[in-house]
Amino acid sequence: IRLMSLEEECEYPALADRKIMDAFREIKEFLRHCDRCRLVDKHGAEYGFVRNLCGSKMIFVAQAVSGILVCGFKGRWPHWTLTPGCWGNVTLLALWVPFAWFVLPKMLMLTAETYAGRAWVTFLSLAEATSKKPSASVNPAGVNHQRVSSE
């Protein structure tokens with residue numbers, strides 16, 4: 001995959017992003033088959049955890065709000081009362097909303113950049129090491145030596 005130059009990237013940003021994503025997809029596939037890429041796997045797991053947590057933030061809000069309602073009506077239907085269960089859900093909601101909307105997006109960017117950076121560096125070092133290995137059919141000097149008899 002040939003990546004675009006800076007001028008081309010500025011002219012066609014959507015196409016440049018697609019080419020970068022395609023290249024990174026190829027690199028991730030290459031690294032999945034590598035036995036020595038444990039650190040990349042670790043960063044990928046961290047990124048996936050934060051991404052999934054960020055993606056499910058509205059589910060947690062809905063659960064806390066429904067918890068406030070259910071706990072308030074518990075045993076006193078049709079009158080709602082502020083119970084200890086309601087206070088617990090209000091506390092969870094008060095802690096979760098700032099964390100989910102202000103801290104999690106920053107964590108997501110940090111883990112994504114760390115994961116991508118580690119993947120690129122690992123891929124480049126593996127590619128460099130592979131290009132330095134001699135071929136099985138050619139010796140390190142690049143010449144096939146034959147024994148010459150002295151007859």
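Helices here are DSSP runs of H or I with at least four residues, numbered from the N terminus. In this predicted model, the elements of the chain run α-α-α-α-α from the N terminus on. The chain therefore has five helices and zero strands. Buried residues account for 21% of its 151 residues. Of the contacts between residues at least 6 apart in sequence, 58% join residues at least 24 apart.

**Aromatic pairs**

- The structure contains six aromatic pairs.
- One of them is formed by F24 and Y115, an edge-to-face pair with 5.9 Å centre to centre and 90° between the planes.
- This pair links distant parts of the chain, with F24 in helix α2 (residues 13-32) and Y115 in helix α5 (residues 84-132), 91 residues apart.
- F24 has a relative accessible area of 14% and is buried, because the cut-off for buried is under 20%.
- Y115 also counts as buried, at 14% relative accessibility.
- F60 and W96 form a tilted pair, because their planes stand at 50°, with the ring centres 4.8 Å apart.
- F60 belongs to helix α4 (residues 57-73) and W96 to helix α5, and the two are 36 residues apart, so this pair too links distant parts of the chain.
- W96 is buried, with a relative accessible area of 12%, whereas F60 is partly exposed, with 29%.
- F24, Y47, Y115 and W120 are linked into a cluster by ring pairs.

**Largest pocket**

- The volume of the largest pocket is about 240 Å³.
- Its lining consists of I20, M21, F24, R25, K28, Y47, R51, A112, Y115, A116 and W120.
- Helices α2, α3 (38-55) and α5 each supply at least two lining residues.
- Helix α2 gives the largest share of the lining, five residues.
- By class, the lining of the largest pocket has eight nonpolar and three charged residues, and no polar ones.

**Helix α3**

- Helix α3 has 18 residues, which should span 26 Å at 1.5 Å a residue.
- The buried residues of α3 are V40, H43, G48, V50 and C54.

- V61 lies in helix α4.
- With a relative accessible area of 15%, V61 is buried, because that value is under 20%.
- Apart from neighbours within four places in sequence, V61 is in contact with L93, W96, V97 and W101.
- V61 and V97 are 36 residues apart in sequence, while their C-alpha atoms are 7.6 Å apart in space.
- W96, one of the contacts of V61, is also the ring partner of F60.

How values were computed:
Residues are numbered from 1 along each chain as its sequence is written. This is a predicted model: local features need pLDDT of at least 70, side-chain atom pairs count only at pLDDT 80 or more; totals for chains, interfaces and linings use all residues. Side-chain values use heavy atoms; hydrogens and water are left out. Rings of Phe, Tyr and Trp (its six-membered ring) pair if their centres lie within 6.5 Å; planes under 30 degrees apart count as stacked, over 60 as edge-to-face and the rest as tilted. Buried means under 20% relative accessible area, exposed over 50%, partly exposed in between (1.4 Å probe, protein chains only). On a 1 Å grid over the protein atoms alone, a cavity is a set of points where a 1.4 Å probe fits but cannot get out, and a pocket is an open set with protein on both sides within 12 Å along at least five of seven lines; lining residues have an atom within 4 Å of a point. Grid points are joined across faces, edges and corners, and a volume is the space filled by probe spheres set on the points. Ala, Val, Leu, Ile, Met, Phe, Trp, Tyr, Cys and Pro count as nonpolar, Asp, Glu, Lys and Arg as charged, and the others, Gly among them, as polar. The expected span of a helix is 1.5 Å times one less than its number of residues. Contact means heavy atoms within 4.5 Å.
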